[in-house]
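Please examine the sequence and the structure below before reading the numbered points.

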Amino acid sequence: MASAGMIEPWIGRHFIVGLRPGPVLGDEDRDLLRRLKPAGVILYKANFDHDADYEGWTERLKALLSDVFDATGDDGILVGIDHEGGRVCRTPPPMTRFSYPARWAETAGEVGRAMGRELASIGVNLNFAPLLDIASNPDNPVIGERAFSSDPQTVAEHAIAFMRAQEGEGVLACGKHFPGHGDTRADSHYELPVLDIDAAGLAARELIPFRTAIEAGLGCIMTSHILFPQIDASVPATLSRPIINGLLREALGFDGLVMTDDLNMHAMDRYLDDPDAARACLNSGTDMLMVCSHLNDNRRALIFADAIGEARRAGAVPDALIEASQARIATCLTKAPRNRVHTLTEAAFTNHQKAGALFDGRTVEVT
């Protein structure tokens, strides 16, 4: 049950929430946004009207985002989406449906430019891409061709080309899934993967694309819900200070924005009933908590928000840590363009389709 108490304004800045299914802002989400005032929202497949033509669904999207801005009282928030290529595509036609990144790796810059231009045209200013994971395990059920390559340096090269081109069109990049999801045998949407590897092993392979992208200017990184028992046997990477602060911030020198993957994914089920989970997220070195609705209730964010406020008042989260995190969030929001929904020409889409291999299968069935 969500708390009915007041939420201090600073707390909402630590959240990005996924909207409930539907192309119209529902009353529950409107109330959530008014109370929490998060730093951003995420669009899913069902937030687009797939039965309408291009003009129709973009008009409905424009109205949805206008209502979101009204509810939060801020038109400068993050509007995010998962738009990687392959099955991970939420948008209706005529948005270009590129294939998996492994199939257009050599033209990653051209695809990043096309994706960036199209996403900016639908009001998005943050894409949860590129993947910095390595296709290091052929039995991995969730990464595979979503990764650019099985070679760390090749992943880094193509991811950076994609990042720079997309950001050149006004859409921030978010590299994922730190410290690497490519070697797992489980899908964290449904269960908790465990990787029995130490920090040196990660540094020798999985961390290479992250290190290289950070050196190239990557400003945002998403964590993974994976347990690394040789590094921290108590909690997944998302909640782990040795992994987020120790490996990412100290060892790799990353001073940008860190956000969790969706905390409602089933890999996190056994941890999120613990009232210390929200505190642990911030104490780990993470800045923003992602709470979506497709696997659980996005109003869980209100419970987390109360827990963060209580933890700060009790001194369980140091003021200095909060202030540094708030500064990183403010920097990201300042950099994020205020893209507004508008249509592109047919010629633009035709040109974009030349950038890389296209996908003709079904897109991911996430509402």
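1. In helix 4, the buried residues are Ala108, Gly109, Val111, Gly112, Ala114, Met115, Gly116, Glu118, Leu119, Ala120 and Ser121. Buried means under 20% relative accessible area, exposed over 50%, and partly exposed in between (1.4 Å probe, protein chains only). Helices (H or I, at least four residues) and strands (E, at least two) are DSSP runs, numbered from the N terminus.

2. This is a predicted model, in which local features need pLDDT of at least 70 and side-chain atom pairs count only at pLDDT 80 or more, while totals for chains, interfaces and linings use all residues. Residues are numbered from 1 along each chain as its sequence is written, and side-chain values use heavy atoms, with hydrogens and water left out.

3. Because eleven of its 14 residues are buried, helix 4 is largely enclosed by the rest of the structure. The cover over these buried residues includes strand 3 (78-81), strand 4 (126-127), helix 5 (152-168) and helix 12 (346-352).

4. Glycine 123, with a positive phi near 85°, follows helix 4.

5. The protein chain as a whole has twelve helices and nine strands. Of its 367 residues, 61% count as buried.

6. The C-alpha trace of the protein chain spans about 60 × 45 × 35 Å along its principal axes.

Notes. Contact means heavy atoms within 4.5 Å.
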